[in-house]
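Here is a brisk report on helix packing, salt bridges and backbone geometry. Have the model open while reading.

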Amino acid sequence: MAVQALDDVRAEAREWIEASWNPDLSLLEWRVMLLAAGWACPSWPLEWHGRGLPVAADAVVADELAAAGAPGTPAGSGMGLAAPTILEHGSDELKARLLRPIVTGEHLWCQLFSEPGSGSDLAGLTTRAERDGDEWVINGQKLWNTSAHHADLGMLVARTNWDVPKHSGITYFALPMRQPGVDVRPLRQMNGYASFNEVFLTDARVPAGNVIGAVDHGWTVALATLAHERRLGPTFARRPRQTKNGGRAAREAVAEAEDAFKPYVWYPQRAGRPDLVSELAMKGGQGRDPLIRQDVARLVSLVRVAQWTAQRASAARALGRPPGPEGSLAKLHGSIIARASAHIHARLAGAHAMLSGVDGPLDGIISEILVSVPAVSIAGGTDEIQHNILGERVLGLPKEPQTDRDLPFRSIPRNPTSSGGTKP
């Protein structure tokens, strides 16, 4: 989008915000106005609450809202994952029913993909969905589900056909979470947090109209969600801040964001905290150690390269291009940076790095880094999966040999403790 055109969008948005923003409105009232005017999601199509503008306009309008102290759309997987997936693959009826409450923040979403028995092989899932009249009946177990404890809807992938290859018999659902048969339990991590949940599904029900995409063809839809996840990262939106004249809507937005970001409080430590390395090396008198200096310089170089890759991804998005390999590159690069950071932190702190809480360096942040960093190589697709994606889809290398790719899923040996057992 040309600079002049973006300037015109900025001027029009600013004029509307100045005329419409009322700090005394509730957050819901303000977002309804924002939605009706098309400024909540300006790049969305006109018929689905947007203005049909290029993607670059989203950031411009977000800047103007922030400058005015006015809240924008909610943070979380609803706007970051569910909405773009529905826009790309949902029926018009689903778009009409599900998009609006995502934008207004009335519906919170979670992601129900991973399972305890399939590891990184998402297509090997065994949670089953069986048709019963106008509904689907769901049985199985999901794992690593952030925000499942307060979500209204879940992005669920389940097996609907056991007699076709594993990628072909999966269906993508919008699962109502607040119903009998959906049991959400917190998972305690080794760093002391309980940011994730496991979800047990026992005869849970989904309306037939809540299928996103086509029955048995949910793998393509799931890939779209994963592409958005790798591009957007864990927070999915800028975090609102309370201002002096923010008023009711702004206060409610800050409270909403605090709740949404609570599961991610340890994510900076999961990323290794490379921002702390140079300062800690200098404070500890190790800044002149040639080996330490080499490690720090190498880490700073990795961070700079990752930032440039992120800028490339942002530029591609601004041009309206779909998520590309930059997402997998960034995901893989993030793991490398986190491990390199943890290595340097351990060298700088020595044995004290094992101390947690107020007894440890930086009140335990260093020990938290060391026990949190391993997660970054697993969450959102393991490093090995990212290597495969880049090798096969970007470099055009031969696919990794798979003996089960073309077999009916029913005949593939599986972990007997997985959610679907050895047989459907």
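## A loop arginine

Arg 273 sits in the loop between α8 (267-270) and α9 (277-283). Helices (H or I, at least four residues) and strands (E, at least two) are DSSP runs, numbered from the N terminus. The model is predicted: local features need pLDDT of at least 70, side-chain atom pairs count only at pLDDT 80 or more, and totals for chains, interfaces and linings use all residues. Residues are numbered from 1 along each chain as its sequence is written, and side-chain values use heavy atoms, with hydrogens and water left out.

Arg 273 is not a glycine, yet its phi is positive, about 50°. Most residues other than glycine have a negative phi. Is Arg 273 buried or exposed? At 18% relative accessibility, Arg 273 counts as buried. The cut-offs are under 20% relative accessible area for buried, over 50% for exposed, and in between for partly exposed (1.4 Å probe, protein chains only). Arg 273 also forms a salt bridge with Asp 275. Their closest N and O atoms are 2.9 Å apart.

Asp 363 lies in the loop between α11 and α12 (365-372). Its phi is positive too, about 55°, and Asp 363 is not a glycine. Asp 363 is exposed, with a relative accessible area of 56%.

## Salt bridges

Side chains of opposite charge can pair when their charged atoms come close. Here a salt bridge is a side-chain nitrogen of Lys or Arg within 4 Å of a carboxyl oxygen of Asp or Glu. How many salt bridges does the structure hold? The structure holds 21. Arg 51 pairs with Glu 12, with the closest N and O atoms 3.1 Å apart. This pair links distant parts of the chain, 39 residues apart: Arg 51 is in the loop between α2 (27-37) and α3 (56-68), and Glu 12 is in helix α1 (residues 3-20). Arg 51 is partly exposed at 26% relative accessibility. Glu 12 is partly exposed as well, at 41%.

Arg 31 forms a salt bridge with Glu 256, and the closest N and O atoms are 2.8 Å apart. That pair also links distant parts of the chain: Arg 31 is in helix α2, Glu 256 is in helix α7 (residues 247-261), and 225 residues separate them. Arg 31 counts as buried at 3% relative accessibility. Glu 256 counts as partly exposed at 22%. Salt bridges with shared partners join Arg 10, Arg 14 and Glu 64 into one network.

## Helices α4 and α5

Two packed helices are described by the angle between their axes and the distance between the axes. Helix α4 (residues 77-89) packs on helix α5 (residues 92-104) at about 160°, with the axes 10 Å apart. So α4 is roughly antiparallel to α5. Axes are lines fitted to C-alpha atoms, for helices over the stretch in contact, and angles run from 0 to 180 degrees between N-to-C directions. Angles under 35 degrees count as roughly parallel, over 145 as roughly antiparallel, 65 to 115 as roughly perpendicular and the rest as oblique.

The α4 and α5 crossing is left-handed (the near helix is turned anticlockwise from the far one by less than a right angle; clockwise is right-handed). From α4, Gly 78, Met 79, Ala 82, Ala 83, Ile 86 and Leu 87 take part; they meet Leu 94, Lys 95, Leu 98, Leu 99, Ile 102 and Val 103 of α5. Contact means heavy atoms within 4.5 Å. The contact has 10 nonpolar, 1 polar and 1 charged residues. Ala, Val, Leu, Ile, Met, Phe, Trp, Tyr, Cys and Pro count as nonpolar, Asp, Glu, Lys and Arg as charged, and the others, Gly among them, as polar.

## Helix α11 and its partners

Helix α10 (residues 290-318) and α11 have axes that come within 10 Å and cross at roughly 160°. They are therefore roughly antiparallel to each other. Their crossing is left-handed. By class, the contact of α10 with α11 has 15 nonpolar, 4 polar and 4 charged residues.

Helix α11 (residues 326-349) also packs with helix α13 (residues 383-394), at about 140° and with axes 9 Å apart. The two are therefore oblique to each other. α11 passes α13 in a left-handed crossing. The contact of α11 with α13 has 4 nonpolar, 4 polar and 3 charged residues.
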